[in-house]
Amino acid sequence: MPIGTIANGEGGASVRAKLNAAVDRGNEVENARSGSASLADRLGVILDAAIDQSDAVLTYLGGVVGAQATASQQRDTALGQRIDAILQTIATDAEVAAAISTALAPYATDADLSAAVAAIQDAVSTAASKANVALAASNNLLGQAFARPGDARALFSSALTGSALSRAPITAGIVAPSADLGSVLRIRGVDTDDVSGYVDVARRIDFALDPGRTYLVTATVDRNVDPSDPANNAVEIRWQNLNANKAGVSNVRLGGALLPTVAGGPLRVSFMIGKAGAPGELVYIIPPSAVYGLPLVRIYGNGAETDIASIDVRDVTDDVAGGTELSELTARISAEEEAREQLAEVVSDLGLAVDNRVRFDVSQALSAEEEQRVRETIGLGDIDNTPDSGKPVSEAQLAEFNDRTPKIEHVGPARPVIVTDDVAVMYINQAGEVGLPSLSPETRREAVKDVSVPLSPTLRVPFIYSDQGGVVAWLTHDGIDLALISDALRMKIVGAQFPKVEATGQAQPLIVSDEVAIMYLDEEGRVGLPVLAPETKREATSDLAPAISVHSVRQPLLYSDKGGVAAFLDEDGIDFPKVSKALKAKLLPRQAMSSGQSLHRVRSKIARMKFGISPEKIKVLVIGDSWVQGDPISRGLMTEMTRDFPISDTGFMSSRGTAFAVALTSATLVTSGGWTITNATDGTTYPFGTGPDGQVLYTTATNQTISVAGLKATSIKILRNQFGGKWRYRVDGGSYTVVTDATGGAQAAITISGLADVDHTLDIDTVGNTGTVSFAGLYAERNVSGIEINRFGAGGMDAARMQFYIPNMQLAISLIQPDLVITVLGTNDAGSPVSTPDVYADVLGDLTTLVKSIVPDCGVLHVIPPVNAGAVLNPLSAYRDAIIDLCETNGSEYLSLVDTFGSYDQGNALFLWSDTLHLNAIGGLVVGKTINDNFIKL
């Protein structure tokens with residue numbers, strides 16, 4: 001209880017003052033104790049309410065808070081006891097002063113006492129917060145809606161590994177009502193991860209997986225807002241496998257990618273899965289190493305609103321194989337068999353009765369009247385004995401027959417229609433047309449008798465070949481032309497028209513002019529002309545184009561319609577001046593990577609650095625999608641290159657800084673919350689431009705800020721798009737420099753030079769802004785030798801959309817002056833209906849042209865990513881072929897990871913993938929080493 005103060009006259013003034021101070025402090029302690037008690041009472045109410053929900057929560061709170069409160073109360077009680085004991089023994093002012101000082105030592109100031117009370121309040125608040133989190137999951141169980149994230153949000157998580165209790169409840173999305181589905185978890189564009197481009201919604205369960213058991217995974221999703229780009233806003237139903245320690249084994253998609261629409265309504269899908277040997281038609285075989293698992297829904301893109309109504313998994317082995325219902329089914333079968341036996345006995349008895357009632361000699365004929373009477377006697381008067389062949393077919397039967405008659409439909413690949421001895425004798429092709437693999441001679445003659453093959457005047461087709469491979473007859477528009485004619489045939493052809501010439505054993509002149517024979521008959525009886533006029537010679541050789549030298553044995557074989565020679569015959573065989581791509585691919589299979597012969601700029605710089613020529617800098621620029629925006633490949637390449645040379649610069653930093661694309665150095669970029677973000681992945685029009693990576697921050701406000709810390713550079717260039725904005729910048733807290741941009745949207749850069757080679761802080765704000773400030777990124781470099789790796793990456797990007805902001809790369813490429821540009825693109829293109837292989841090659845061709853126009857000797861390397869586990873419309877091999885064609889045309893280089901990286905399953909088993917679309921750090925290092933060893937390293 002509180003202690004009363006000492007009144008005047010009850011001791012010396014100094015003693016009274018000190019003693020009253022001690023009394024006041026004691027009363028404060030008493031009040032604190034009372035406050036602690038009231039807090040403890042309030043905590044008791046919370047615990048009483050929680051105890052019915054979770055004994056574990058009560059035990060936790062009792063341990064933590066009890067210890068805090070007990071310790072504080074013990075200290076306060078000890079203080080009161082010490083003061084009471086001292087007051088009973090003191091006699092002088094000095095003793096009082098000394099005693100008070102000793103008693104108040106643990107609480108030297110009022111702040112100490114307040115801190116003690118605050119500690120109790122903090123402990124209670126922390127415990128209550130933890131209780132609320134724990135109770136939220138418990139409360140979610142009350143509705144029995146375990147599989148519905150809209151009704152039991154705390155039972156779902158974005159984490160996929162670890163125990164269910166260790167996975168934090170999901171924070172993405174909002175709970176919203178749906179007229180069709182009730183409460184749903186609505187995933188919006190802002191909920192997807194900027195780097196991965198998707199968000200996972202998974203059950204917080206530890207679902208045990210047993211051999212021989214079959215599980216049914218089900219999910220219900222719906223669109224609330226349709227995306228403008230459905231292919232990049234797909235929905236996947238997936239399964240996460242965990243080992244005995246609940247660490248990740250694999251993550252797989254079940255079925256194909258889903259593209260729900262508002263008009264189409266909710267999609268309800270289900271998949272049967274299980275380990276090898278489980279009953280039923282399984283769509284996925286769970287690996288033996290998986291002990292636990294959990295289902296999830298993965299939503300891609302940020303251009304839609306998608307509702308998740310349910311995600312569930314249950315054991316359906318008994319439903320599939322019989323299980324506990326098997327005995328019941330066996331009993332029913334036994335009863336059915338017994339009933340059939342009884343029915344057979346009845347039928348047998350009935351037949352015997354009929355036999356007894358109608359027994360006559362089969363040779364004895366019955367009259368019509370007797371036969372009718374017999375039929376009526378045994379109950380067969382209404383039976384129609386018309387033969388089946390004479391019975392009519394009802395309209396209903398005819399309709400049923402027609403419905404069952406197979407119809408020919410276009411189903412894609414050719415398929416057999418009539419098969420005999422496992423050989424198709426009639427088939428239907430991709431166009432729905434009937435084909436016959438072989439025809440009888442009579443049928444073939446009938447089919448082709450009216451068909452003639454028109455030949456152009458210049459076309460000569462080989463018709464008959466000799467044993468040595470030479471052509472002895474051609475088919476021309478005039479008929480058959482013979483290269484060589486035997487004497488016997490010649491005599492048959494000309495013998496009737498010309499007198500027979502006999503050889504005399506020596507040449508004989510036939511026509512003589514000025515005692516010179518201009519025509520003679522040789523020893524073999526052949527006519528010869530010693531000299532031919534140029535006109536005659538040209539006429540004699542006019543069908544041999546192009547001209548052939550007298551020493552050549554190369555003969556024209558096939559002619560084109562334009563008169564050119566399409567094929568020659570020489571001593572080695574047939575030679576083609578031009579070869580089609582298809583034939584070239586057969587004769588010379590394409591390699592997985594090019595030779596790198598055009599990369600002389602970057603290789604010469606490496607040579608100079610190895611010889612110690614300084615300063616020298618190797619600048620690499622990597623352009624692409626999330627494979628570039630994320631860290632693995634760029635960091636893997638940096639790891640390999642810096643084995644020989646140090647990193648030199650920060651290089652280009654995106655307008656969205658490390659929060660969006662992790663920098664390869666320690667610099668960090670922080671922005672205020674009022675900037676508007678443009679991401680080229682979301683569309684093809686940009687009201688205030690983009691940066692070279694398709695990103696930009698813009699604002700019309702006067703209070704927005706950007707701060708970059710840890711920026712080691714001797715020169716900094718700030719990139720922006722000019723829309724009349726006004727802004728300021730400063731370095732290391734110095735005075736601000738004001739910049740007023742022009743209008744029209746042109747890109748420009750502010751250069752800050754002459755800085756010391758140390759870490760700097762760059763501050764930008766929009767104080768005094770009167771237009772739109774559009775920040776496109778910055779470029780920082782140092783005057784030292786080393787490796788500089790720059791990245792222009794945008795998650796979810798494909799070539800069809802990249803083409804719209806390629807012009808915005810021009811300024812940054814001019815500032816960087818790269819030695820090597822590497823593109824990594826294709827993962828999103830393969831699933832896009834718009835970014836086809838032809839579009840892909842055209843866009844990367846335009847990018848190559850832009851780079852070469854700025855840095856003519858810059859090398860360009862196009863990397864085609866490996867095959868992943870995502871849904872595709874066009875295989876990545878088609879994009880590889882398109883890029884190889886491009887590189888053969890424009891002289892750039894290529895690397896096909898489609899051919900060098902192996903299958904997704906092989907890579908995933910080797911821990912190279914972070915998910916079904918992206919490599920992890922190990923996979924990135926493999927790619928980085930492949931690039932460095934084959935295209936850069938000397």
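Student: Let's start with Leu844: is Leu844 buried or exposed?

Tutor: Keep in mind that this is a predicted model. Leu844 has a relative accessible area of 1%, and the cut-off for burial is under 20%. Leu844 is therefore buried.

Student: Where does Leu844 sit, and what separates its C-alpha atom from that of Met802?

Tutor: Leu844 belongs to helix H19, which covers residues 837-854. Met802 is 42 residues away from Leu844 along the chain. The distance between the C-alpha atoms of Leu844 and Met802 is 9.2 Å.

Student: Now the charged side chains. How many salt bridges are there?

Tutor: Side chains of opposite charge can pair when their charged atoms come close. Here the rule asks for a side-chain nitrogen of Lys or Arg within 4 Å of a carboxyl oxygen of Asp or Glu. By that rule the count is 30.

Student: Which residue forms a salt bridge with Arg213, and how many residues apart are the two?

Tutor: The partner is Asp318, with an N to O distance of 3.9 Å. Arg213 is in the loop between strand S5 (207-208) and strand S6 (214-225), while Asp318 is in helix H5 (residues 317-321). The pair links distant parts of the chain, and the separation is 105 residues.

Student: And which parts does the pair of Lys929 and Glu640 tie together?

Tutor: The closest N and O atoms of Lys929 and Glu640 are 3.8 Å apart, and the two form a salt bridge. They lie 289 residues apart in sequence, so the pair ties together helix H23, which holds Lys929, and helix H15 (residues 632-641), which holds Glu640. As for cover, Lys929 is partly exposed at 40%, whereas Glu640 is buried at 5%.

Student: Which residues do salt bridges that share partners join into one network?

Tutor: One of the bridges to look at is between Arg608 and Glu616, at 2.8 Å from N to O. Arg608 is partly exposed with a relative accessible area of 29%, and Glu616 is buried at 12%. The network is made up of Arg601, Lys605, Arg608, Glu616, Asp819 and Asp857.

Student: What is the nearest side chain of opposite charge to Asp625, and how far away is it?

Tutor: Asp625 sits in the loop between strand S25 (617-624) and helix H14 (626-629). A polar atom of the Asp625 side chain lies 3.0 Å from the backbone nitrogen of Trp627. Asp625 is buried and has no salt bridge; its nearest oppositely charged side chain is Arg801, at 8.7 Å.

Student: What is the phi of Gln817?

Tutor: Most residues other than glycine have a negative phi. Gln817 is found in the loop between helix H18 (810-816) and strand S38 (820-824), and is partly exposed at 32% relative accessibility. Its phi is positive, near 55 degrees.

Note on methods:
Residues are numbered from 1 along each chain as its sequence is written. This is a predicted model: local features need pLDDT of at least 70, side-chain atom pairs count only at pLDDT 80 or more; totals for chains, interfaces and linings use all residues. Side-chain values use heavy atoms; hydrogens and water are left out. Helices (H or I, at least four residues) and strands (E, at least two) are DSSP runs, numbered from the N terminus. Buried means under 20% relative accessible area, exposed over 50%, partly exposed in between (1.4 Å probe, protein chains only). Lys and Arg count as positive and Asp and Glu as negative; His and the chain ends are not counted. A polar contact is a pair of N or O atoms within 3.5 Å; within protein, one must be able to donate a hydrogen and the other to accept it, and residues adjacent in sequence count only if both atoms are side-chain atoms.
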